[in-house]
Amino acid sequence: MEPRIRVPFPPFNLLHLLVISTLFITKSTSIPHQISQLSYSKYCNDVVEEHQSTETQYSNNNFLRLDKAVYSLGFQNPQFNFNPISSQIASFTTLKAYHTNSNNIIKINAVLNLIGPDIVSYFSGDVHRRNLRLVKVRPPRFEPRRHAGAEFRLLGFWDMYTGNICMVGAGSVSLLRSVNVVFKFNYPNSSVLDTSLINGTLESMMPAGSGAYFKPVSVLGVSGMGYNFSYIGKEIESGGFDGYDDGMGNVSLGLSGVRGGICSIITWGLRFELDYDKYHCEDASCSFGTVGDEILPRFMSIKVVDCLEDGKVRYVLQFSNESYGKGLSFYPLTSLVAEGEWDEKKKRVVLVACQLFDKRALRGCSIRLAFSFPSSLSLKRRSSIVGKMWSTETKNLGNVSFYSSANVNSRIKGTSYEYLENEKVQNFCSENLDSKGKKGTYPDEKSPNLRFDMMVRNKKGQMAYGYASPLYIRDRFYTPFENQWNHSSTNGYINVSYVISFKTRDEFEFGGKIPGSKMVEISAEGVYNTRNGVLCMIGCKHMSYEKFQKKRSLDCELVINVNFSPLNSKDPGMIHGNIKSTREKADPLYFEPIEFGSSSVTTTQARESIWRMDLEITMVLISNTLACIFIGLQLFHVKRNPDVLPFISVVMLVVLTLAHMIPLLLNFEAVFMSNRKQNVFLGTDQWLEVNEVLVRVITMVAFLLQFRLLQLTWSSRNNHESRKNLWVSDKKVLYISCPLYVAIGLIAWSAHLLQNSHTKTRFHIASDNTTFWGALKSYTGLVLDAFLIPQIMFSLFYDTHGTVLAPSFYIGSTLVRLLPHVYDLYRAHGSSWFYDKIYANPGMDYYSTMWDVVICCGGILCVLVIYVQQRFTGRSLLPKRFRDDVLYQKVPVITREQEIF
């Protein structure tokens, strides 16, 4: 088993555990005691009088329960102030219920939970600090939870006749605070569609202005107890749905053989797009769900309230203009409550719906809906659930069509696919499909490689990221690995349909400007040739909605080409392709071809990458350790030869010291935080944990050794008899080095930009060296590669003699800097897929074939120059006319003792 670098977590502080446990235990035990001290009669007797309870428990399914209700903070009018954007979820659960000495009064213990934004700050109020100094704590390393919760334990009574409930209790919103509350609402013993709305208010017991006071919180939900399906049966008997027969009775799928029936098909969060092409509504009076100034909401999502085995259902239908749902909550002003059932004869679900609120009054139940399940799909019809919606009060306006989101994975058993674009595919794809590909074995129809993640780029270099996946292979829903095809194509051609989806980061040109963070969906169908790995398809882009647009349109003038690599090639996971428009250039929907490449990885590549990352981690540790050893050998050299210290270039030592110090400053806390890791998941069951701590510790050792060498050099030079000349020489080195480094930096930046401009067709994981700071880090690495240049110039100016730098230091340190470039040349000839580069990181130096060769040659040249300078003299490489003309001759010195004797 290959070794892994692991640093254990620090032991948990038992004192912290004891304090936290004490807080939790104290809070959990103090709240029930606090409830028993509250006066029910003071706050609730005017709603439901207090009665003596018995020991007989009251049992009833779904008794006084609210699931996935909503709440509104600080408003008196709940129906108009619920937040339509964020999820504000309320739930009410009865824990215990007892009979009392009154037949119609039930005593209940319950819990109310509120989950959503601003909960803690709303209930916390002003916390008194007893004049203690406020200390700012370092923020957490992880992103805090955006949705916190509050829990209230309640005790009260319910009147079965009137439905009124009043409860008192206490709740905790943090470990440091609890609040006393009163909860009042009306929950009838039985309800029908237009009376199933439950409205309640949570109030503070504290007077206004006190620290614990909060404004009333309104709760709104749908009753789950004693519901009677009274509307739908009458509507079916009276033929209310016959006038809007969708004509799909013969082509709609039934539910025979579907486990779970309708409950497994129409589920929570299912989203539909609305089509107003046949609905002639011009103002808000005929809109089914008004959203601000919009009279035509674009989307409808399902919130399931009840789904029974006999096919009866209850839904909350949420309307919005956003393609995403509102999580678990709903917005009352744009929601319908509906009841319905499965019509086995017509093979559809029919619903009667009521709008919850209007800004003027409660609306009636005049809205009707019908859902059907098409038995077949095609390129332009990808929705597995379709339907219609109309109002009995405005029959003359027509109906609204709706259909489930295209290309979703949920399918009803028996759904088939029709290939209706065969002629178009033949016209645009015949030449490409018959092209001669590389020799090898390509993915077949059961291969998981047919689905791939991808990076998309247009001609302007704008990027997007997404995936492409088969929807149907021939007439079967795509399921990789399963042997569901009993026949195979003799000529290699297979009919396929695809789903292509990608999300833009910033603005993206693709037949018009697509804003950032928007999803682009493309439906496609065509032919895949298993003999050459070529896939060619006709595509339909789902166009984004424009304001007041009644129907979403499709752009079906797309041709999509995909080329798969052979499975036995060097890069079996590499896939490249393009999307082209067949429109004329003058057409406003025309776009320049966009290219995409695969970012998927095969199992073999994942294993190779894990091995490579282990190797690179080891090489990083070895390189840093060798750097420490070579600096130590130089310190040992100057200890044995202290007279060479003044002749080491201070500029060179400063450059090397800064090179080790800057990474420590950028990652200072990593040295002391042992739980800082870089975790990389590679699509298998293995996690590769790269701990930076050991690397930083070795870097700190190298920095301390390098700083010690700088200190010794500085001290020896100040005590040297020729210190003035030595400092003058180093100043000359500095004056020449600065412009030289600036010129090299400009040349490197220009070459880097030129190189990037010629690699538009290559797809790599984006690195940060394209930014200014990223380029600066790479340039710093380039300066370090040439760290011997200041010493070479110093030796020229001062004309040094002797072995100033130990060969082990300047040769070894140069090798440490050049080995990553040699490894990068080797890596470039291996597999082109990698998840991350740890050793020879492009973010820390310039790495490419050109740069690797130039830097290696330059490093070797510097080593040779240093060797010659130390073997002869500092100016030995210069022509004779540039050397000093004055030669000094050794003269014997006669001492005083020699004169005497």
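Reply: Helices here are DSSP runs of H or I with at least four residues, and strands are runs of E with at least two, numbered from the N terminus. The model is predicted.

Me: How many helices and strands are there in the chain?
Reply: Both kinds of element occur in the chain. The count gives 14 helices and 32 strands.

Me: What share of the chain counts as buried?
Reply: Buried means under 20% relative accessible area. The chain has 901 residues. The buried share of them is 47%.

Me: What share of the contacts with a separation of 6 or more comes from residues 24 or more positions apart?
Reply: Contact means heavy atoms within 4.5 Å. Among contacts with a separation of 6 or more, residues 24 or more positions apart account for 67%.

Me: How much of the accessible surface belongs to carbon and sulfur atoms?
Reply: The accessible surface of the chain is about 47400 Å². The part that belongs to carbon and sulfur atoms is 56%.

Me: In which order do the eight strands close into a barrel?
Reply: The pairing in the barrel is antiparallel. From one strand to the next, the twist averages 30°. The order is 10-11-12-13-14-15-17-18.

Me: Which residue in strand 15 is the bridge partner of V349?
Reply: Strand 14 covers residues 348–355 and strand 15 covers residues 367–372. The two pair in the antiparallel sense over six bridges. In strand 15, the partner of V349 is F371.

Me: Is the disulfide of C44 and C166 left-handed or right-handed?
Reply: The torsion about its S-S bond is about -65°, so the disulfide of C44 and C166 is left-handed.
The link spans distant parts of the chain, from C44 in helix 2 to C166 in strand 6, 122 residues apart. Both C44 and C166 are buried. The handedness asked for is left-handed.

Me: Which parts does the disulfide of C354 and C365 tie together?
Reply: The sulfur atoms of C354 and C365 are 1.6 Å apart. The two residues are eleven residues apart in sequence. The parts are strand 14, with C354, and the loop between strand 14 and strand 15, with C365.

Me: Is C365 buried or exposed?
Reply: The cut-off for buried is under 20% relative accessible area. C354 is at 3%, so C354 counts as buried. C365 is at 17%, and therefore C365 is also buried.

Me: What is the torsion about the S-S bond of C540 and C556?
Reply: The S to S distance from C540 to C556 is 2.0 Å. C540 sits in strand 27 and C556 in strand 28, 16 residues apart. Both C540 and C556 are buried. The disulfide is right-handed because the torsion is about 115°.

Technical notes. Residues are numbered from 1 along each chain as its sequence is written. This is a predicted model: local features need pLDDT of at least 70, side-chain atom pairs count only at pLDDT 80 or more; totals for chains, interfaces and linings use all residues. Side-chain values use heavy atoms; hydrogens and water are left out. Buried means under 20% relative accessible area, exposed over 50%, partly exposed in between (1.4 Å probe, protein chains only). Accessible areas come from the Shrake-Rupley method with a 1.4 Å probe; for residues, only the protein chains shown count as cover. Two strands pair if DSSP finds at least two bridges between them. Axes are lines fitted to C-alpha atoms, for helices over the stretch in contact, and angles run from 0 to 180 degrees between N-to-C directions. A disulfide is a pair of cysteine sulfur atoms within 2.5 Å.
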